[in-house]
Structures are given as structure tokens and as C-alpha cells.
Amino acid sequence: MKKKWFMALTTLALSFATVGFVGCGEGGNNDGSSTFAESLEYQKISGKEEYRVTGIGSISDVDVVVPSTYRGLPVTEIADNAFSGEISVKNTYIESVVIPDSVTTIGYCVFYNCDSLTSIEIPDSVTTIGNSAFV
């Protein structure tokens with residue numbers, strides 16, 4: 001069952017804030033193998049028949065819905081820094097994100113600098129959330 005995280009998001013952000021911000025917004029999983037489609041960036045996971053979301057690409061929607069499949073394979077991860085803004089630039093337009101049941105992992109600093117983000121639907125399938133994911 002999907003949960004809407006409004007006030008819990010603030011509490012979670014505060015708890016992750018104690019971990020620190022070192023490295024948030026830097027790098028990510030951009031090794032040149034990402035592809036662009038449907039406005040988000042994807043990368044096939046090495047050794048698996050699965051994809052991860054690696055970036056926001058050209059998306060400009062305030063409401064982001066991560067698809068459960070890409071090129072016929074499941075989307076199972078959201079990579080480190082995938083939705084984060086650069087250190088000096090804030091993502092001021094993303095207000096909500098819906099994550100599908102296919103996703104099991106949300107990476108480190110995924111929503112760093114997403115200042116307008118007020119709602120995230122996280123399915124029960126997510127078993128791993130990286131440090132500072134919501135700062």
C-alpha cells in the first residue's frame with residue numbers, strides 16, 4: 001500500500017540532516033551510459049535485467065511519476081543524487097514524486113535541494129533508503 005508522506009517527510013529530513021551533507025549534489029551515477037527518454041534519465045543495472053533512474057533529464061513537470069518499467073524492463077532503483085539540484089542550484093519546481101511498486105532502493109541524496117517537494121508516495125516495496133535522501 002502506498003503512503004503519502006507530508007509531515008513525515010519533514011521529520012525524516014530532520015533525522016537525516018544529522019548525518020551531514022558531504023557529497024550531496026556531487027556526481028551521481030553519470031558514467032555516460034545513461035539514456036534519455038520520457039524526460040527522465042535511465043541506466044541499465046549491470047548484470048541485471050533492470051533499470052535505475054539516474055537523473056531528471058529534461059523534466060519540467062511539478063508532479064513527477066516514475067514509471068514501473070523502461071524499455072520493457074522493471075525500474076527498481078532511484079540512483080544517488082537522481083533528483084538533486086547542483087550544489088549552487090536548487091530544484092524549485094518539483095512538488096511531488098510518485099514511486100512505483102517496482103522500486104526497492106532509493107539512493108543517497110536523491111531529493112537534495114528539492115525545496116518545493118511536499119509529497120512523495122513511497123511504496124512498501126522500498127527496503128533501502130540512502131542517507132540524506134530527503135535533505
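## Aromatic pairs and the nonpolar core

F111 counts as buried, at 3% relative accessibility. The model is predicted.

**F111 and its partner.** The rings of F83 and F111 have centres 5.4 Å apart and planes at 20°, so this pair is stacked. The two residues come from distant parts of the chain, 28 residues apart. F83 sits in the loop between β7 (73-78) and β8. F111 sits in the loop between β9 (105-106) and β10. F83 is buried too, with a relative accessible area of 0%.

F111 has other neighbours as well. Leaving aside residues up to four places away in sequence, F111 touches F83, V97, I106, L117, I120, A133, F134 and V135.

**The core.** In soluble globular proteins, nonpolar side chains tend to be buried together. Here the largest nonpolar core has 28 residues. Those with the most contacts inside it are V75, I78, F83, V97, I99 and F111. Strands β3, β4, β7 and β10 each supply at least two residues of this core. The largest share, three residues, comes from β7.

**Strands β8 and β10.** Two of the residues that F111 touches, V97 and I120, also face one another: V97 stands opposite I120 in β10. Strand β8 covers residues 96-98, and it pairs with β10 in the parallel sense over three bridges. Strand β10 spans residues 119-122 and is covered on both faces. On one side S119 and E121 are buried; on the other, I120 and I122 are buried.

**A second aromatic group.** How many aromatic pairs does the structure hold? There are four. One of them joins Y51 and Y70. This pair is edge-to-face, with 4.8 Å centre to centre and 85° between the planes. Y51 lies in strand β4 (residues 51-55) and Y70 in strand β6 (residues 69-70), so the pair ties together parts that are 19 residues apart in sequence.

Are Y51 and Y70 buried or exposed? Y51 counts as buried at 8% relative accessibility. Y70 also counts as buried, at 2%.

The table sets out the two pairs described here.

| Pair | Centre to centre | Angle between planes | Arrangement |
|---|---|---|---|
| F83 and F111 | 5.4 Å | 20° | stacked |
| Y51 and Y70 | 4.8 Å | 85° | edge-to-face |

**A buried polar residue.** Q43 lies in strand β3 (residues 40-44). At 5% relative accessibility, Q43 counts as buried, because the cut-off for buried is under 20%. What does the side chain of Q43 make a polar contact with? The partner is the side chain of R52, at 2.6 Å.

**The whole chain.** From the N terminus on, the elements run β-α-β-β-β-β-β-β-β-β-β-β. The chain has 135 residues, and buried residues make up 46% of them. Among contacts between residues at least 6 apart in sequence, 62% join residues at least 24 apart. The F83 and F111 pair, 28 residues apart, spans such a distance. The chain exposes about 6,900 Å². Carbon and sulfur atoms supply 54% of that area.

Technical notes
Residues are numbered from 1 along each chain as its sequence is written. This is a predicted model: local features need pLDDT of at least 70, side-chain atom pairs count only at pLDDT 80 or more; totals for chains, interfaces and linings use all residues. Side-chain values use heavy atoms; hydrogens and water are left out. Helices (H or I, at least four residues) and strands (E, at least two) are DSSP runs, numbered from the N terminus. Buried means under 20% relative accessible area, exposed over 50%, partly exposed in between (1.4 Å probe, protein chains only). A polar contact is a pair of N or O atoms within 3.5 Å; within protein, one must be able to donate a hydrogen and the other to accept it, and residues adjacent in sequence count only if both atoms are side-chain atoms. Two strands pair if DSSP finds at least two bridges between them. Rings of Phe, Tyr and Trp (its six-membered ring) pair if their centres lie within 6.5 Å; planes under 30 degrees apart count as stacked, over 60 as edge-to-face and the rest as tilted. A nonpolar core is a set of buried Ala, Val, Leu, Ile, Met, Phe, Trp, Tyr and Cys residues joined through side-chain atoms within 4.5 Å. Contact means heavy atoms within 4.5 Å. Accessible areas come from the Shrake-Rupley method with a 1.4 Å probe; for residues, only the protein chains shown count as cover.
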